[in-house]
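Work through the exercises below with the sequence and the model open. Each task is followed by a solution in steps.

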Amino acid sequence: PGSSAILVAVPTGDSATNTAWSASTGNKWACVDELPPSATDYIESLTTAGDRRYSATHTGAVSLGVRGPIKAVKSMAIFWEPTSTTTLGVIGVRSGSTNFEKTAVDIGTTAEVTMARVDSTDPNTSAAWTTAGFDAAEPLVRRSTSDTSNIRVKFMALMVEYQDIHLAGNQPAPSGSLAKLFIKTLPSPNRKLLHATLAVISSAA
């Protein structure tokens with residue numbers, strides 16, 4: 001039946017729709033695509049009133065190395081505030097022409113906060129993820145409309161779990177090494193959350 005494998009799809013371009021955030025330098029997508037995450041590059045919502053959304057395109061499934069049915073997709077991002085206050089941040093995924101978002105959470109700290117959303121099916125179709133659906137999906141972040149303070153994101157991506165039909169059941173999936181490398185770079189609280197959300201991906205299959 002093959003083994004499950006997990007790959008990380010980092011941003012490769014800006015969304016054509018959700019572009020409200022600003023870059024610390026250069027291109028927005030290039031400020032949130034590095035593994036391990038950069039200590040100096042980030043995007044930020046700034047203080048403009050209203051919903052502030054940003055999402056990004058990413059490496060496609062074939063180029064990424066997905067070689068079997070997709071079991072789940074996780075959107076994730078690392079947030080923080082330059083000045084600690086009450087600011088609501090949101091993680092989500094854009095699929096089709098719709099933004100699917102988790103409930104807003106107070107970032108509330110200058111320490112890094114990892115947020116994630118797991119979808120075992122494509123929220124746009126309520127059916128299993130297809131390669132085309134994954135390729136078109138975008139990791140999404142939002143600062144809530146009720147806030148006018150600034151939040152920042154240093155890394156965002158889509159993580160994809162798939163059934164690798166080319167691997168025997170007792171063989172490890174080499175593609176998981178990238179996800180493991182990323183996990184090792186996170187501060188302990190973020191690392192624990194990411195381990196927990198990876199477990200959710202597995203249980204959702």
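**Exercise 1. Find what the side chain of Thr 130 reaches, then describe the surroundings of Thr 130.**

Step 1. The side chain of Thr 130 comes within 2.9 Å of the backbone nitrogen of Gly 133. For a polar contact, two N or O atoms lie within 3.5 Å; within protein, one must be able to donate a hydrogen and the other to accept it, and residues adjacent in sequence count only if both atoms are side-chain atoms.

Step 2. Thr 130 sits in the loop between S10 and H2. Helices (H or I, at least four residues) and strands (E, at least two) are DSSP runs, numbered from the N terminus.

Step 3. Thr 130 counts as partly exposed because its relative accessibility is 43%. Buried means under 20% relative accessible area, exposed over 50%, and partly exposed in between (1.4 Å probe, protein chains only).

Step 4. Lys 71 is 59 residues from Thr 130 in sequence, while their C-alpha atoms are 9.7 Å apart.

Step 5. Thr 130 is also one of the residues that Ile 70 touches, leaving out residues up to four places away in sequence; Trp 129, Phe 134 and Val 160 are among the others. Contact means heavy atoms within 4.5 Å.

Before going on, note the basis of these values: the model is predicted, local features need pLDDT of at least 70, side-chain atom pairs count only at pLDDT 80 or more, and totals for chains, interfaces and linings use all residues. Residues are numbered from 1 along each chain as its sequence is written, and side-chain values use heavy atoms, with hydrogens and water left out.

**Exercise 2. State which strands pair with S6, and in which sense.**

Step 1. S6 covers residues 70-80, and eleven of its eleven residues are buried.

Step 2. S6 pairs with S12 (residues 152-164) in the antiparallel sense, over ten bridges. Two strands pair if DSSP finds at least two bridges between them. Here Met 76 has Ala 157 of S12 as its bridge partner.

Step 3. S6 also pairs with S10 (residues 113-119), again antiparallel, over seven bridges. Ser 75 stands opposite Arg 117 of S10.

Step 4. S12 has a further antiparallel pairing, with S1, over seven bridges; the bridge partner of Ser 3 in S12 is Asp 164. S1 (residues 3-9) is largely enclosed by the rest of the structure, because six of its seven residues are buried.

**Exercise 3. Decide where confidence is lowest and where it is highest.**

Step 1. The mean pLDDT of the chain is 84, and 80% of the residues score at least 70. pLDDT is the predictor's confidence in each residue, from 0 to 100.

Step 2. Confidence is lowest in helix H3 (residues 176-185), with a mean of 46, and highest in helix H2 (residues 131-136), at 98.

Step 3. Residues 168-186 have pLDDT below 50, yet this stretch has 35 contacts in the model beyond near neighbours in sequence. Residues 196-205 are also below 50, with 15 such contacts.

Step 4. Where pLDDT is low, the predicted coordinates should not be read in detail.
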